[in-house]
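Please examine the sequence and the structure shown below. The paragraphs that follow lead through the model step by step.

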Amino acid sequence: MVDTSRERLDVIERLSPARRGRELEQFVADLLRQHHFTVRPNAGTARPRQTDVLASRGSEWYLVECKWRSDKANIDDVDSVRSRLNRIDHSVVGVLISMPGFTGTVLHDVGHHRKQPILLISRDELVRLAQGMESLPRLLWRKKEALVADGTVLLDEPTRKGGRARRRMVLPPAESQFISVDGTQSPVVQCGGTFGQVVFVQQLENIDWVPAAGLGVTLDVAPSVLNERELRDLVDHLADLGWATADARWNIQQSTRNWHGVGCAAFANELPKWRQRADIPEAHHSEEICYVDRCDGGFYSLTATLAAHGSRSSLFARVSFQLQGIPLDNGPLLELCKSIGVHESLYFRPRANESVKRHHFADAQVANVQPIHHFVTTSREPEDPVQEWVTGIVIINPFHEKHGDSPTKHLPDGATSLRHREQLVCDLRHHHPYLGRHEYSYRFTGFELAHTSDATVCRPIVDWTRNKTTPHDADTAADRF
């Protein structure tokens, strides 16, 4: 394996100035190859002037100049790179590496020439790359995005203290609420439970439901999420693509309690409330989150483990996309991956099993379930005489492990995790008006299950029958569904 370590840089530094420049050029070329770039040293595309390295990876091209003098790189060095860029394709991006650093004039000039971007890499950044503390494709992408989009020159950004906080996305609020029996409304409901990545949804998209034969595909992405703030950044990136929506369903798990919610806005609002969640008996030092939302061509789960203390450090995060197939236009997925710093080891894998499994239970087993909360959705149709519809309910879980003698104790494969949830957030097969909620009896009819690489997505289904005292107008409105 080619040596691109910090020790090799230390050896180069002790060489004569003439040899030091040539060895640095070779070091950078080896570093680029290690990150799967195609490298052409002393390429002729920039003639009559010679450049150090021309590198490409996919559709991205970089013209790289390396400087290791006693003085900082100055405006003449930038003009030299720019003159060579003028003689080649406009899509090529310049990169200037200077071990002594850069003058203030260089930073000002580069920041004001966004149409012809030149990225600056310092000694400290090159050392971080050599130590494996930074990904070269991620560093280049981040610098280019900051320069082109904002005119900002990122330099030594990984070690910079403080800095301006990222402007938060305004996330879409949910149009549905949980309403308890006493009338309290909230997009979040607290239930008994434990760890385990399970999310209850009202709609479960079947990615196999397409005219063509075969099954869907999975794309697993492991972003570098170090803390709660970066997890929220990830949600913002998903929202940029329209993939963080008001219909999202999520679950935050502690040792003995779970918080189920609806909508990405409620998720972003609930995430920082870790002190309240940690203030329960037998609280664990960490909590798990599981977020499920739709995307182009399917749906995805976002899972992570966060410390339940002030650091809010993240121990693990992964996004698992479940798609109908390999998209012809994978631009949105590629853009997301680059924005969260994932540039390598990305593969679509064919699913081995059908996406959605359906399980039906006889009425006699789970009849007469009682709602703890109603899930109410506001109608936006002006011609609809009923403005609030019950679209789901929260019930005591008939499969919970404490019901050991229950006839429902035998759950099918893939559904055993439901045993550890004291309540189920159920979808109502047929909606009914909220004003008539006390006049209905409910029965559990079954559930649908889907599995991503890290999470179980469950749609428990409840149906209702009208009590004899139900007004006729409520019956008529409900029958429309």
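Helix α5 (residues 123-130) lies across β4 and β5 and runs at about 75° to β5. Helices (H or I, at least four residues) and strands (E, at least two) are DSSP runs, numbered from the N terminus. Contact means heavy atoms within 4.5 Å. Axes are lines fitted to C-alpha atoms, for helices over the stretch in contact, and angles run from 0 to 180 degrees between N-to-C directions.

The model is predicted: local features need pLDDT of at least 70 and side-chain atom pairs count only at pLDDT 80 or more, while totals for chains, interfaces and linings use all residues. Residues are numbered from 1 along each chain as its sequence is written, and side-chain values use heavy atoms, with hydrogens and water left out.

The strands β4 and β5 belong to an open sheet of five strands, in the order β1-β2-β3-β4-β5, with mixed pairing. At the edges stand β1 (38-41) and β5 (118-121); each has a single partner strand, so one side of each is left without a neighbour in the sheet. On average, neighbouring strands of this sheet are turned by 25° against each other, direction ignored. Two strands pair if DSSP finds at least two bridges between them. For β1 and strand β2 (residues 53-57), the pairing is antiparallel and extends over four bridges. Within this pair, valine 39 stands opposite alanine 55 in β2.

Proline 100 is found in the loop between β4 (93-98) and α4 (104-111). Is this proline buried or exposed, or does it fall in between? Proline 100 counts as partly exposed because its relative accessibility is 27%; buried means under 20% relative accessible area, exposed over 50%, and partly exposed in between (1.4 Å probe, protein chains only). Not counting residues up to four places away in sequence, proline 100 touches Lys67, Trp68, Arg69, Ser70, Asp71 and Lys72. Proline 100 and lysine 67 are 33 residues apart in sequence, and their C-alpha atoms are 8.3 Å apart in space.

Another open sheet has eight strands in the order β8-β12-β11-β13-β14-β15-β10-β16, with antiparallel pairing. Its edge strands are β8 (188-192) and β16 (348-350), each of which pairs on one side only. Neighbouring strands here are turned by 20° against each other on average, direction ignored.

Strand β11 (residues 249-253) may be followed in detail. Five of its five residues are buried, so β11 is largely enclosed by the rest of the structure. Arg249, Asn251 and Gln253 point one way from β11, whereas Trp250 and Ile252 point the other way. With strand β13 (residues 286-295), β11 pairs in the antiparallel sense over five bridges, and glutamine 253 has glutamate 288 as its bridge partner in β13. Five bridges also join β11 to strand β12 (residues 257-262), again antiparallel. A hairpin of three residues connects β11 to β12. Which residue stands opposite isoleucine 252 in β12? The residue is tryptophan 259. Glutamine 190 also stands opposite tryptophan 259 in β12, and β8 pairs with β12 in the antiparallel sense over five bridges.

Helix α10 (residues 331-339) packs on this sheet and touches β10 (217-221), β15 and β16; its direction makes about 175° with that of β15. Helix α7 (residues 228-240) lies across β13, β14 (298-307) and β15 (314-323), and runs at about 170° to β14.
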